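The following note sets out points for a reader who is new to structural description. Please consult the sequence and the model alongside each point.

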Amino acid sequence: GASKSITINQDHVTFETAPPDNVGIGDALQYDSNGDSSVDAIAFIHQRISASEFIIKSESGDLPIQANANDEDWSLFRAYDVLSDAESGSNPNSGIDAAVNGFDSWTGGKDITVAGSDEIWHIVYYDDAVHQSSLTITGWTTGEFNYLKFMTAHTSDEVGVSQRHRGIWGTGARIQKDLTSQQDYVQFEGLSIKGVTCLFVYGANTSGKVWINDNYLFTSGTGRTIDVYNTSVVSVYVWNNIVINESASASSYNIYKNDADASIYAYNNTTVSNSGIGFKNDNSAGQGEYYIKNNIAYVVGTGFGYSGAMNEAINNISSDATLSTLTVSGTNTGNLDSQAMSFKNASEHDYHLKGDDTTAINKGVDLSSDSTLSFANDYKGTPRSTSWDIGFHEHLVGDDALTLTSITTLNIGENA
């Protein structure tokens with residue numbers, strides 16, 4: 001009805017009645033542009049301005065087709081039902097009208113660096129249901145400023161209610177399959193994954209970069225939670241992640257460099273190991289390097305916190321005595337072994353620091369001006385204080401009283 005009309009003005013759409021709070025970037029808006037009561041145009045949410053106003057773009061990133069004022073023949077959809085389809089450009093959401101569902105037309109990857117394209121692709125996960133499809137990223141032509149970003153909508157200019165996890169399983173958008181990148185210049189941000197090898201950086205990478213930040217990663221199988229293997233001279237930047245591996249296998253590793261030419265920069269992560277190893281460099285014979293700063297390695301079983309040669313080790317802590325046994329070729333300072341960290345509820349996999357912790361709170365080094373990997377917030381976007389905490393979480397006064405529960409799932413769909 002008229003109470004649910006939309007108005008499109010250049011690249012802005014205004015909803016007379018605000019859509020649900022879980023509508024956000026990447027969502028598809030189909031509409032009637034010429035007033036004949038038939039869907040004939042589609043645009044995609046690029047930015048959230050307010051609960052009822054959004055910036056929208058065409059599939060090519062240009063101005064959308066304009067519409068008559070107060071159009072009532074519109075619907076909102078996730079662009080894809082299955083996120084692997086978004087990577088491959090196939091099988092858009094089955095609810096989208098056939099007249100407008102041909103917005104992605106490539107096969108086998110896309111060149112997003114070519115002149116006239118010059119794109120950054122955001123593939124966005126929402127907390128609608130647990131995602132059960134595996135994903136292999138391959139065939140794209142990317143660059144440092146033209147990359148693929150697999151993410152959750154999180155900030156107020158992206159979505160009305162954050163879709164990011166809250167540091168524990170069961171909150172935010174969840175994935176129960178492995179993600180594999182055979183592609184450089186790919187970012188994984190704010191995801192919550194349970195898998196065998198949650199993130200596998202493997203194969204046809206060139207001398208580029210992969211970014212892994214703000215994720216919740218959990219495995220109890222025999223795999224490696226983050227595994228960098230059989231690559232070229234790729235640099236992998238890993239920060240603000242909680243990485244849990246409950247496997248009883250001694251060869252299960254959390255942040256694993258398994259390639260001579262790859263380099264890992266692991267900053268402000270918290271790893272939890274059972275029989276495996278938190279931070280593992282298994283091959284340092286080639287050009288690759290491994291740098292660790294501000295990390296927590298917590299061992300709950302017979303495993304180890306750190307293993308292998310490191311190029312730099314600064315202000316890391318471990319619940320076992322492995323930090324002092326590392327061979328470190330560069331700066332080696334501020335590291336503490338055999339620490340008894342205080343977590344909020346470790347038995348329930350809640351590894352947020354508690355306020356009574358004396359081992360990690362205010363014990364980190366400020367990395368906001370780090371020459372290789374600089375950042376200033378923790379996994380949930382909280383600014384890190386003058387004295388940084390070690391690990392994925394920056395503790396604030398009042399954090400201990402917070403109850404972490406699942407985000408309420410809302411549905412989007414047709415205007416009716």
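1. The protein has 416 residues, and a compact globule with that number would have a radius of gyration near 22 Å; the value of 22 Å found here therefore agrees. The radius is taken over C-alpha atoms, and the globule rule is 2.2 Å times the number of residues to the power 0.38.

2. This is a predicted model, in which local features need pLDDT of at least 70, side-chain atom pairs count only at pLDDT 80 or more, and totals for chains, interfaces and linings use all residues. Residues are numbered from 1 along each chain as its sequence is written, and side-chain values use heavy atoms, with hydrogens and water left out.

3. Along the principal axes, the C-alpha atoms fill a box of roughly 75 × 45 × 40 Å. Of the 416 residues, 56% are buried (under 20% relative accessible area, with a 1.4 Å probe and protein chains only).

4. The secondary structure consists of 1 helix and 31 strands; these are DSSP runs, of at least four residues (H or I) for helices and at least two (E) for strands, numbered from the N terminus.

5. An open sheet is formed by 7 strands in the order E10-E13-E16-E19-E22-E25-E28, with parallel pairing. Its edge strands, E10 (174-175) and E28 (317-318), each pair on one side only. Two strands pair if DSSP finds at least two bridges between them.

6. Within this order, strand E22 (residues 270-273) pairs with strand E25 (residues 296-299) in the parallel sense over 4 bridges. The bridge partner of Thr270 in E25 is Ile296.

Conventions
Buried means under 20% relative accessible area, exposed over 50%, partly exposed in between (1.4 Å probe, protein chains only).
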